[in-house]
Amino acid sequence: MAISILVLYYSQSGQLGQILDNLTSTLGDKLEITTIEYKPVEEFSFPWTSQTFFDAMPESVLEIPVPLQPIEVPQKPYDLVILGYQPWFLSPSIPTSSFLQSDFAKVLDGKPVLTVLGTRNMWLNAQEKVKARLLALNARLVGSIVLADTNHNLISLLTIIRWNFTGRKEASKWLPEAGVQTADIKNAARFGSIIRNAVESGNWEGLQPALLAAGAVELKPTLIILEKRGIKQFRKFARYIREKGERGNPDRLPRVLLFKRLLLTGIFVLSPISGFTAKMASLFRQKSFRKQVNYLKELTMRRI
Ligand SMILES: Cc1cc2nc3c(=O)[nH]c(=O)nc-3n(C[C@H](O)[C@H](O)[C@H](O)COP(=O)(O)O)c2cc1C
């Protein structure tokens, strides 16, 4: 029987769709590939307005699901499921957490799963959340590929703001292209043969080390600290905003606006300071950070 792979994903701008197309293009003709995109019933409009963007934070962080459009997954004994997703506000995107909590996700039961992330650069908490969902679904995480924007953190913030609010991903006069760089999107093709070897041999233990050797996950220790600080504040604000109602409720807008102002101040005014203290902490506690980096590149489910 032909080896069969199921690719499940969501992509708002199409970036993750391109990454997955390139990755699966080198899996080889012998493998049967079924690709399905899950989408919310009510789509998130792109480009975003400032209001809709920041208003999506609480439900992203608290993983509150929205209804999804029905999907038909052909009944096959899939040998591997590739789950493509992206973080929103340091958490799995709302479409992804909705999918993982829906009945559609039962297709993952008992399956080896490879996650493919297309991110800015802050994906650690999101991946921990996805790992926990996979565990609950009785799926086995066998590999993980993270494609991120490799520009400086502040540059990537400026370009992602431009992209999300104007739709412009390409470089502009002063700023580079936003998101995962075009060359890296194309280079995702290099993972195809590694994945094929693992599916054909059934050697799942060897998959992540082979992917890591091909540069599947790069991680800066300072981002671990910045992300930990960020998610703590996001959780508090998410609950505070939700006290005033659901996404889209005008009653909560003053709180959403406050969150937006504090976040932007935190990023653009305080971030050079917090970036410096994070760098110092990672230098003084190198051993502990090496451990954390290794853990985050591996697949074990454990608290960080
Ligand atoms: C609402 C929103 C929040 C985001 N938050 C994060 C984040 O916390 N960390 C990160 O690395 N990228 C973040 N991104 C970038 C996305 O993870 C993703 O890379 C980008 O939106 C392109 O994905 P697409 O293929 O769905 O278009 C965010 C994007 C959106 C739209």
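User: Which residue just after α6 takes a positive phi?

Analyst: That residue is Gly167, with a phi of about 85°. Please keep in mind that this is a predicted model.

User: And α6 itself, how many residues does it have, and how far does it reach?

Analyst: Helix α6 has 14 residues, and 20 Å lie between its first C-alpha and its last. That is close to the 20 Å expected at 1.5 Å a residue.

User: Which residues of α6 are buried?

Analyst: Ser156, Thr159, Trp163 and Asn164 are buried in α6. Because these residues cover an arc of only 130° around the axis, they lie on the same side of α6.

User: What do the buried residues of α6 pack against?

Analyst: Their packing partner is α2.

User: Back to phi. Which residues other than glycine have a positive value?

Analyst: Phe89 is one of them, with a phi of about 50°, and Leu90 is another, with phi near 60°. Most residues other than glycine have a negative phi.

User: Where is Phe89, and where is Leu90?

Analyst: Phe89 is placed in the loop between β4 (87–88) and β5 (91–92). Leu90 is also found in the loop between β4 and β5.

User: Is Phe89 buried or exposed? And why does Leu90 count as it does?

Analyst: Phe89 is buried, since 24 other C-beta atoms are within 10 Å. Leu90 counts as buried because it has 23 C-beta neighbours inside 10 Å; the cut-off for a buried residue is 20 or more.

User: Which peptide bond is cis?

Analyst: The bond from Phe46 to Pro47 is cis, and its omega is near 0°. Pro47 belongs to the loop between β2 (32–37) and α2. In general, most peptide bonds are trans.

User: Changing topic: what are the domains?

Analyst: The domain assignment gives domain 1, covering 4–218, and domain 2, covering 222–292. Taken over C-alpha atoms, their centres are separated by 22 Å.

User: How many residues does the contact take from each domain?

Analyst: It takes 17 residues from domain 1 and 17 residues from domain 2. On the side of domain 1 that touches domain 2, at least two residues each come from α2 (50–55), α3 (57–61), α5 (124–136) and α6 (153–166). The largest share, 4 residues, is supplied by α3.

User: What classes of residue make up that side of domain 1?

Analyst: The side of domain 1 that touches domain 2 has 12 nonpolar, 3 polar and 2 charged residues.

User: Now the ligand. Which residues come nearest?

Analyst: Of the 20 residues around the ligand, Ser13, Leu16, Gln86, Thr119 and Arg120 come nearest. The shell draws at least two residues from each of α1 (15–25), β4 and β6 (112–119).

User: And the shell by class, how many of each?

Analyst: The shell around the ligand holds 9 nonpolar, 10 polar and 1 charged residues.

User: One last item: where does Arg190 lie, and is it buried or partly exposed?

Analyst: Arg190 lies in the loop between α7 (182–187) and α8 (192–201). It counts as partly exposed because it has 15 C-beta neighbours inside 10 Å.

User: How far is Arg190 from Thr24?

Analyst: Their C-alpha atoms are separated by 9.7 Å, although Arg190 and Thr24 are 166 residues apart along the chain.

Note on methods
Residues are numbered from 1 along each chain as its sequence is written. This is a predicted model: local features need pLDDT of at least 70, side-chain atom pairs count only at pLDDT 80 or more; totals for chains, interfaces and linings use all residues. Domain bounds come from an automatic or database domain assignment. Two residues are in contact if their C-beta atoms, placed from the backbone, lie within 7 Å. Ala, Val, Leu, Ile, Met, Phe, Trp, Tyr, Cys and Pro count as nonpolar, Asp, Glu, Lys and Arg as charged, and the others, Gly among them, as polar. The expected span of a helix is 1.5 Å times one less than its number of residues. A residue is buried if 20 or more other C-beta atoms lie within 10 Å of its own, exposed if 12 or fewer, and partly exposed in between; C-beta atoms are placed from the backbone. The arc is that of the directions from the helix axis to the C-beta atoms. A residue is near a molecule or strand if its C-beta atom, placed from the backbone, lies within 6 Å of it.
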